[in-house]
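Reader: I have a structure open and have not looked at it before. Can you walk me through it?

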Amino acid sequence: MNFELTDPQRQWRDEVRAFLRDNVTPELERERHIEGKLRFGPEARAFRKKVGDKGWWGLTWPREYGGLGKGAIEMHIMAREFDYAKVIPADTTYLSIAPMIMRYGTEENKRDFIPGITRGEVFAALGYSEPDAGTDLASLRTRAVLDGDQWVINGSKIWTSNAHGASHVWLCVRTDPDAPKRQGISVIMAPMNAKGIEVQPLICWSDYRTNQVFFTDVRVPRRNLIGEVNKGWGYITSALTHERSAVTTGGDLRREIDDLIEVCRSGLVGGVRLIDRLSVRQRLAELDADVEVMRLYGFRGASLIEAGEDPTATLTAQKIYNSELRQKIADFGTQILGMYGQLNWRDRDAPGRGDIERLYRYAPEVRFAGGTNEVLRDIIAQRGYGMPSYGRSARS
């Protein structure tokens, strides 16, 4: 295994960094602190368009669909640099949904959605979880019934992040209620401006906004069905694997450690710089090494995707490792900063622009984003090592 980037990959990384230096404005930096504007504020939308104008949202797609034909490692490099800059988080539309459309979608699906994703005009929320299904995604009840050339959709989704600003929802629906529950599911790209869709906000402890979405007699063109009818379970599980790479590039954790080291160098607690304390230096060194492991995890997952191998076990372990490391960094930062660690970005005395305070409140969410760590450990056991499940039926 080669642990170094090639010369062309380093040049690509430098090109992304130069773009970020030129386009991450103070206004965009400020907007990222304001939940609700993180992805959909005016600065964020302008930034997204600039990226789309360069064709970077479709970095790995064939040129006939408006892409640039680069590889999964180049995509990971870009997502990681974006996460380090903390402006637009790596998102699931181009890291998870678009790969599934390219792999399983009809030619019509590709023509309808890939060019828009490449330009940054199509941005989809994930319509997976339902109020009464818990972690058993296959128990979904939202129905889609074909009526002529339209699907008629009724039901509800919960924890639908970004539904309040997305152009579409990647919607998992039951299309055959009589089939075994994993065999009667399909995926439809439903436009969020369709009549009958209602979005209600759910605000988390971290101020992060997610949503519950209600569908009442929503009509969507038949051609918006992705791939084949009743084949959606395979599309969903593949998309979830890619989503975990989007949740966990580790670029933001590198930034957290870099910023925390800088705070420890410059800040005085009791008249002493934090960095002069041996225990602080030792713990920072341990966490710095842990973040380096996270970086290698990320490139390992990207390498597997590029080689056409199944990345499920690696990306799943990567997500678990990332979410638990995130909590460790947040705990350490708030511990050594004391009361100052509780100041948020609105307070000018907040160390590191209040990012540790935000990280502490956000870290618990990552433990269940893309699947709870408990369920993911079961997936690693089954799909990575061929072990039996602790309770979930593979036949249902």
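Predicted model: local features only at pLDDT ≥ 70, side-chain atom pairs only at ≥ 80, totals over all residues.

Reader: Fine. What does the secondary structure come to?

Author: The chain has 12 helices and 9 strands.

Reader: And how does the radius of gyration sit with a compact globule?

Author: The chain has a radius of gyration of 21 Å. A compact globule with 396 residues would be near 21 Å, so the two agree. The C-alpha trace spans about 75 × 45 × 45 Å along its principal axes.

Reader: How much of the chain is buried?

Author: Buried residues make up 53% of the 396. The chain exposes about 18,200 Å², and 49% of that area is supplied by carbon and sulfur atoms.

Reader: What share of the contacts is between residues 24 or more positions apart?

Author: That share is 70%, counted among contacts with a separation of 6 or more.

Reader: What is the lining of the second largest pocket like by class?

Author: There are 14 nonpolar, 13 polar and 5 charged residues in the lining.

Reader: Now single residues. What is phi for Trp 159?

Author: Phi of Trp 159 is near 60°, which is a positive value in a residue other than glycine. Trp 159 lies in the loop between strand 3 (150-158) and strand 4 (168-174).

Reader: And Asp 217, where is that placed?

Author: Asp 217 is in strand 7, residues 209-221. Although not a glycine, Asp 217 has a positive phi of about 50°.

Reader: Last one. Where is Pro 177?

Author: Pro 177 is in the loop between strand 4 and strand 5 (185-191).

Reader: Why does Pro 177 count as partly exposed?

Author: Because its relative accessible area is 45%, and partly exposed covers what lies between under 20% for buried and over 50% for exposed.

Reader: How far is Pro 177 from Ala 144?

Author: They are 33 residues apart in sequence and 10.0 Å apart in space, C-alpha to C-alpha.

Methods
Residues numbered from 1 in each chain as written. Heavy atoms only, no water. Nonpolar A, V, L, I, M, F, W, Y, C, P; charged D, E, K, R; others polar. Helix = DSSP H or I, 4+ residues; strand = E, 2+ residues; numbered from the N terminus. Rg over C-alpha atoms; globule rule 2.2 N^0.38 Å. Buried < 20%, exposed > 50% of the residue type's maximum accessible area, 1.4 Å probe, protein only. Contact = heavy atoms within 4.5 Å. Areas by Shrake-Rupley, 256 points an atom, 1.4 Å probe, with all protein chains shown as cover.
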